[in-house]
Amino acid sequence: MNKILAAALLVAASTLAHAETSPAKKELVNKVLQLQRPIVETQVRGLAERPAVAIMQSVNAVIQQRVPLEKREALIREVQADVRKFVEESTPVLREGAVRLLPSTTGAVLEAKFSEAELKQLIGALEAPAFRKYQQINEEMFRPLAEKLGPEVRGDMEPKLKALEASIRKKLDAAIGAPEPAPAAKP
């Protein structure tokens with residue numbers, strides 16, 4: 001019985017030792033995060049572009065079906081300018097949120113999945129065995145970031161998306177010749 005208890009205490013002590021991250025390991029994780037920042041920024045830009053592409057596809061369909069031929073090209077250019085502006089304004093918001101969340105999401109996965117030696121290999125050589133392991137858990141690392149980033153920046157992003165949609169709707173209505181909605185009556 002004492003041997004079982006001693007073994008259990010050793011396992012528990014070992015688990016606690018691994019649960020606490022050393023300052024050296026934290027520093028290595030931070031360095032990996034810094035090295036990964038360009039990749040994160042590219043992914044973040046993709047997050048900003050995704051709704052913009054969807055909007056452009058919808059708008060193009062409406063334009064092709066309902067806008068007179070002579071107004072299409074100018075309207076498409078205007079809408080594209082609005083969409084580009086949305087992406088340019090949204091990307092920094094998403095980038096700041098991603099950079100803020102990166103240590104607690106991706107960094108936490110790195111701390112849990114990699115040893116200090118593996119982090120050194122990862123930093124030292126992109127083709128090291130540690131890098132292959134890193135690539136295998138890439139989705140696992142960035143999924144928590146993506147899951148937390150949406151709610152984190154939703155308050156900043158929703159008004160921008162609504163303003164973009166309203167601007168596009170107004171331009172479409174003007175090009176189609178639809179009447180503008182009457183102002184809401186004041187209570």
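Setting aside neighbours within four places in sequence, Ala-48 is in contact with Phe-86, Val-87, Ser-90, Thr-91 and Leu-94. The model is a predicted one, and in it Ala-48 sits in helix H2, which covers residues 23-66. Is Ala-48 buried or exposed? Its relative accessibility comes out at 1%, and buried means under 20%, so Ala-48 counts as buried.

Now for a pair of helices. Two packed helices are described by the angle between their axes and the distance between the axes. For helix H4 (residues 106-113) and helix H7 (residues 138-176), the axes come within 8 Å and cross at roughly 150°. Angles over 145 degrees count as roughly antiparallel, so that is how H4 runs relative to H7. The crossing in which H4 passes H7 is right-handed.

Which residues meet where H4 and H7 touch? On the H4 side they are Thr-106, Val-109, Leu-110 and Lys-113, and on the H7 side Glu-140, Met-141, Phe-142 and Leu-145. Sorted by class, this contact of H4 with H7 has five nonpolar residues, two charged ones and one polar one.

With a relative accessibility of 1%, Thr-106 counts as buried.

Notes:
Residues numbered from 1 in each chain as written. Predicted model: local features only at pLDDT ≥ 70, side-chain atom pairs only at ≥ 80, totals over all residues. Heavy atoms only, no water. Axes fitted to C-alpha atoms, helices over the stretch in contact; angles between N-to-C directions. Helix = DSSP H or I, 4+ residues; strand = E, 2+ residues; numbered from the N terminus. Parallel < 35°, antiparallel > 145°, perpendicular 65-115°, else oblique. Left-handed = near helix turned anticlockwise from the far one by under 90°. Contact = heavy atoms within 4.5 Å. Nonpolar A, V, L, I, M, F, W, Y, C, P; charged D, E, K, R; others polar. Buried < 20%, exposed > 50% of the residue type's maximum accessible area, 1.4 Å probe, protein only.
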